[in-house]
Amino acid sequence: MAAVAEERQTTRRNPLLRELGSWSSSLKCGAAITLLIVLAAVFAPWIAPYDPNAQDFEALLMPPGWPHLFGTDSLGRDIFSRVLYGARIDLVIGFFTTYVPMTYGVVLGAYAGYKGGWFDAVLMRIIDVAMAFPFLVLIIVILAILGPGIQNIYISVFILAWTMYARLARAEMLVERTKDYMTAVKVLGFPQRRIILRHGLPNVINSSIVFSASDFVLNILLVSGLSFLGLGVQPPLPEWGAMIAEGRDFIRDAWWMATMPGFAILATGVGLALIGDGLAQRLGERHHTTV
Amino acid sequence: MTQPLLAIEDLTVGFHTPHGSVLANKHLTLTVAAGETLGIVGESGSGKSVLCRAILRLLPSPPAEITAKSLAFAGRDLLKLKPAEMRKIRGQDIAMVFQNPMTSLNPVWPIGDQVSEGLRIHRGLGRAAARQVAIDILKRVGIPSAALRVDDYPYQWSGGMMQRAVIAMAMTGQPKLLLADEPTTALDVTIQDQILSLLMELQRETGMAIILVSHDMSVVSETCDRVAVMYAGSIVELGVAADILSAPLHPYTWSLLRSIPHLDAPTGRLATIGGQPPDLARLEPGCPFAPRCPVASAECRALPIALKTLPGDRATACHFPERVAQLDQRAAS
Amino acid sequence: MSAAPSLVVEDLVVEFAKPRSLADMVTGTHPPTVRAVDGVSLTVAAGQTLGLVGESGSGKSTIGKAILGLNRPARGSIRFEGKAFAERDPAGQAEFRRRVQMVFQDPYSSLNPRLRIGSAIAEVLRFHGIVPEQEIAGEVLRLLSLVGLPGAMVERRPRELSGGQRQRAGLARALAVRPTFLVLDEPVAALDVSIQAQVLNLLGDLRRELGLTMLFVAHELGVVRHMSDRLAVMYLGQIMESGPSDAVFRDPRHPYTRALLSAVPKMTTVKRQRAAVTQGEIPSPLNIPSGCRFRTRCPMAQPVCETVPPEVTVGPGHVARCHFAATPINP
């Protein structure tokens, strides 16, 4: 028993290290890649060798090399700097388009799963309708009404993207609400809001968190795609998708114009996918040990 | 005694985990004679289910690692068989019935198909013949109007009927040994009663041996010839059922028998075993029961245990079996 | 039976229906219902324990849940200390929630996996204002020691506890509001034999020390016998026999009670030779037999059992729902 107590002591001493030590390799890799990209975004002004919008007509369509690591585009702008600054735009877009809808989606889903009845039935039918159409088509329809631009992308995503989270949370709540600990707090006379938000929500959020990692990537791709179609971020802002769109016309002569931002999207995607994967495993395991 | 049907000698099953190796079965030695019923009693984590799976080599390796001097079934060492030979043993010579009938049947196929599948594989029967035999076996295990219900799906049946179907599946190979892992734990008491009687009738008819795993001493006492009591991966007591249940020679068996609430005599307080079953990953040297044993002494905590053979076909792993008598005296006073 | 009744249930009927779809709500149709509990009346005297036994599908857990207001009865009344839940004002309802608590079967799902044991109990104390804020930590420790858990458990999460420890923690949470009435739904069914005895002893001690009244729901007759003053045997949503525990066990008057008792495996030195005591299975509650519900499996069923639902008194406080309950049993 003494040995056990001692072990607890030593492992308790540094919870951060202990936490990191228990991560799987995919979680570690994903976290490292994502951290790198976040740091690049945060420190872009210090890292970037050039102003992302500075045009240099002496150096048009330079191939990757020195001093232009990723080459230059048709206006002589440094692609490396633009990719760095682009991370700021894309990560922010990814963050808001993922976590804002997730927040209310999960809450709505949790309520629907717990309460059932009218609220649930109506909410689920709304979700069915929203999910019956391809996501991109609905977004384009809304943008066609509201007009292009990043603000309107946010609005259209906020209108639609919560449905997936609501579905996931509802499905988990249907299982969770039958568990005895949820009944116990009901028997203890706790109000419904407290039961759902404090006791239910933390236990139904796992699959949404896992899904959010891949959703993040999908949303960046979505906005990139919309920018590519001219509905999203407007030039000259260095958004990755918009940059690919600009590079399309030069793909035969200057492959790097479209490829370099493409790599950035790929790296972000891989990083977040690994995190999602690692989280799924980890939360699954935790879940498993409690069962 | 002639050659036993199953002879296990020094069987050890380890599981490799990230936190080190855990021994779920430690140096088990036991035999099962043809036609007899051996009861294996123990609490969760005692290793009784692992033993069944080890006999059939159902444990995935890794993480499991099985070692034994011998694991002989009808004279053949199961550990030395090729996977294809082992598959012939499974379901044919040795069959198994699991605890939860709901998960032992595949929900997407009709029950009749699942019963006749074994007949077609093991006995080489044609489709129509297998179906007819399946109906007969279902009838035998007590499914009313089996011919009409043979095409039902598992969800249409109750838990008790499903367990009958699982037993029917096990009987298709005409096994010499049936491993029954808590076959009635998930069932109601009247259904448990029916299933136990059924198993014993089948045994009388076919002469098969049964290893019945259970946490319930009473179930074992009604159905078994011999009993092995397991604790923390070891057999702590082994012998003829009536002897062990009437005069246990291990403090764990003694305490277990005392802690069951009885129907006939309402007692004030139940005898309890203090503490918790040990964590198999953190076993101390010495007897694993010592920390909870009311008559343990310093030697018990230091000396490793081994199953000692006693006169009268009995064995105990207790260093001081004579101390069980003290427990009786203490309880009487 | 001198003590005042703590809980009186009269003619309780609980029905379950499939959830209504949106189409059902719009058209106003109701899916068919199943009667899980069909006309149950029972009384629990203050300080006593009523054991409710039956096999799965008998409706015994549903009664426990109905008492706690977890499902809405279709008919009948449930009065705790003379008052039905619906008759209470909000303060009275809050008081009911403190006075009546529940202990669950599955120790693995009865605690919120994300809350440490200490915070789970503290939350209850805080919410109901049982003790002032500065005394909460001490009260948590007192409750833990009451159920035999060391104080170090405060910091643990449920997954770090064994089944028996979790069951004790769940009991501590229920006792935090200082209830007088406990509904125990199969509280030891999921525990190992050696742990089961510990928890049963603990429950016995608590009942004595805290003067608790209990409804003890279980399928295991030995356990119920050990715990209960009075006993009610349920089958297909109805009470088949009820009376003082000793009387029912010593002299069971209903064939179902007798079947249950003989089906329980006994400690014996002789291997069983007999056939099973019952044939067949419990009928579906969607298709309840006419007359006496047990007649389809009853060894002594007569034509009258098919038509007339029975009710016979066989002794002081001892009732059996069988036409032949009063006739002596032929060996």
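Q: How many bridges join strand S1 (residues 5-17) of chain C to strand S4 (residues 75-80) of chain C?
A: This is a predicted model, in which local features need pLDDT of at least 70, side-chain atom pairs count only at pLDDT 80 or more, and totals for chains, interfaces and linings use all residues. Residues are numbered from 1 along each chain as its sequence is written. Strands (E, at least two residues) and helices (H or I, at least four) are DSSP runs numbered from the N terminus, and two strands pair if DSSP finds at least two bridges between them. S1(C) and S4(C) run antiparallel, and the number of bridges joining them is five.

Q: Which residue in S4(C) is the bridge partner of C:Val9?
A: S1 and S4 of chain C are joined as antiparallel strands. Within S4(C), the partner of C:Val9 is C:Ile78.

Q: Which strands of chain C stand at the edges of the sheet?
A: The open sheet has four strands in the order S2-S1-S4-S5, with antiparallel pairing. Each edge strand has a single partner strand, so one side of each is left without a neighbour in the sheet, and these strands are S2 (33-45) and S5 (83-84).

Q: At what angle do the axes of helix H11 (residues 251-258) and helix H13 (residues 323-332) of chain B cross?
A: Axes are lines fitted to C-alpha atoms, for helices over the stretch in contact (heavy atoms within 4.5 Å), with angles from 0 to 180 degrees between N-to-C directions. H11(B) and H13(B) are therefore roughly parallel to each other, a term for angles under 35 degrees. Their axes come within 9 Å and cross at roughly 30 degrees.

Definitions and conventions:
Chains are lettered from A and ligands numbered from 1 in the order in which they are written. Side-chain values use heavy atoms; hydrogens and water are left out. Angles under 35 degrees count as roughly parallel, over 145 as roughly antiparallel, 65 to 115 as roughly perpendicular and the rest as oblique.
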